[in-house]
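Please open the structure in your viewer and keep the selection tool at hand.

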Amino acid sequence: MQSEPIRVLVTGAAGQIAYSLLLSIAKGDVFGTDQPVILLLLDIAPMLPVLEGVVMELQDCALPLLREIVPTDKEEVAFKDLDVAILVGSMPRKEGMERKDLLKANVAIFKSQGVALEKYAKKTVKVLVVGNPANTNCLVAAKSAPSIPKENFSCLTRLDHNRARSQVAMRCGVPATHVKNVIIWGNHSSTQYPDVHHCRVNMSGSELACFDAVKDDAWLHGDFIATVQQRGAAVIKARKLSSAMSAAKAVCDHMRDIWFGTPEGEFTSMGIYSSANSYGVPEDLIYSFPVQIQDKTWKIVKGLEINDFSQSKLDTTAAELVEERDTALAFLGV
């Protein structure tokens with residue numbers, strides 16, 4: 001007996017990330033192989049002809065779990081009775097654009113989508129913000145949907161988490177699955193802090209602390225951090241396009257962990273509300289923390305020791321987020 005279909009929205013649905021993402025969702029990689037889905041695909045009016053092509057392709061995949069596809073440019077259609085909202089579409093940064101101009105454009109988009117969530121979606125909806133600046137866009141959406149619990153909102157730092165895990169794995173010559181408990185702290189920007197002080201690496205059957213496995217402290221404190229922080233820019237430089245395949249995979253990982261929980265003894269990284277955290281991060285930010293998830297509910301991992309090196313990195317990325325938040329809230333008129 002299959003369950004009732006869940007209603008899953010993807011915004012920016014005619015775009016690059018969605019093109020890599022929609023098949024995974026529709027064939028059961030995210031919500032399970034016995035969970036039917038209804039896909040709601042939102043994009044702006046000029047993109048509707050492109051979206052029609054995406055719909056045709058999804059139909060042509062002949063997927064057993066895909067019950068219905070609804071392409072639209074109308075928020076009242078897209079946000080109705082949602083179980084899951086994956087907000088990918090945002091205003092990209094154009095050449096010569098100031099960060100505050102980018103923020104202003106995105107505040108308008110995510111305020112509108114937050115209002116639509118408030119008005120049309122289920123109060124249990126799980127909202128994942130992917131479009132950049134993801135942390136602050138997520139905060140704006142959450143503030144614009146006051147009756148939806150704040151803990152239902154998260155932003156994507158799983159791509160950074162996966163990048164960090166992979167860099168350590170390649171350095172140690174092991175599969176990425178042998179590396180666990182890396183942490184991304186803070187903003188999904190170049191100030192983020194990929195932290196391996198609590199990371200464990202399985203080398204030939206025994207679990208080692210990351211620093212003992214890698215045996216190169218200078219690399220872990222230097223090039224490793226810079227590589228993860230700058231990886232998005234490096235992909236753009238090489239591909240002339242931003243990360244899409246890896247971003248889509250990270251979205252799937254993030255949502256699957258929300259749905260099914262994190263493995264025992266492991267944590268992942270998510271941008272979530274900073275209230276009542278034990279790491280001295282200012283209140284009222286969407287900030288990436290190490291979390292464990294059970295019953296579709298995350299908890300920040302408590303009691304991790306933070307040395308002075310790490311603390312200064314946590315503070316730097318928090319300062320950037322406070323400034324972003326204050327700029328965004330000024331545009332929001334809050």
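Begin by selecting N152, which lies in the loop between helix 5 (134–143) and strand 6 (153–155). Helices (H or I, at least four residues) and strands (E, at least two) are DSSP runs, numbered from the N terminus. The model is predicted: local features need pLDDT of at least 70 and side-chain atom pairs count only at pLDDT 80 or more, whereas totals for chains, interfaces and linings use all residues. Residues are numbered from 1 along each chain as its sequence is written, and side-chain values use heavy atoms, with hydrogens and water left out.

Is N152 buried or exposed? N152 counts as buried because its relative accessibility is 8%; buried means under 20% relative accessible area, exposed over 50%, and partly exposed in between (1.4 Å probe, protein chains only).

Next, display K123, T124, V125, K126 and V127, which N152 touches, not counting residues up to four places away in sequence. Contact here means heavy atoms within 4.5 Å. A polar atom of the N152 side chain lies 3.3 Å from the backbone oxygen of K123.

Now select D43, N106, V130, G131 and N132, which UniProt lists for "binding site" in an unreviewed entry. The lining of the largest pocket takes in D43, V130, G131 and N132 from this set. Such annotations may be inferred rather than shown by experiment. On a 1 Å grid over the protein atoms alone, a pocket is an open set of points with protein on both sides within 12 Å along at least five of seven lines, and lining residues have an atom within 4 Å of a point.

Centre the view on D43, in the loop between strand 2 (37–42) and helix 2 (48–60). D43 is buried because its relative accessible area is 13%. Apart from residues up to four places away in sequence, D43 touches G12, A13, A14, G15, L51, T72 and D73. Within this group, the backbone nitrogen of A13 lies 3.2 Å from a polar atom of the D43 side chain.

Move on to G131, in the loop between strand 5 (126–129) and helix 5. G131 is buried because its relative accessibility is 4%. Its contacts, leaving aside neighbours within four places in sequence, are L87, V88, S90, F110 and N137.

Finally, select strand 12 (residues 268–273), where 6 of 6 residues are buried. Strand 12 runs antiparallel to strand 13 (residues 286–294), joined by 6 bridges; two strands pair if DSSP finds at least two bridges between them.

Conventions. Polar contact = N/O pair within 3.5 Å; in protein donor to acceptor, adjacent residues only side chain to side chain. 1 Å grid on protein atoms, 1.4 Å probe; cavity = no way out; pocket = protein on both sides within 12 Å on 5 of 7 lines; lining within 4 Å.
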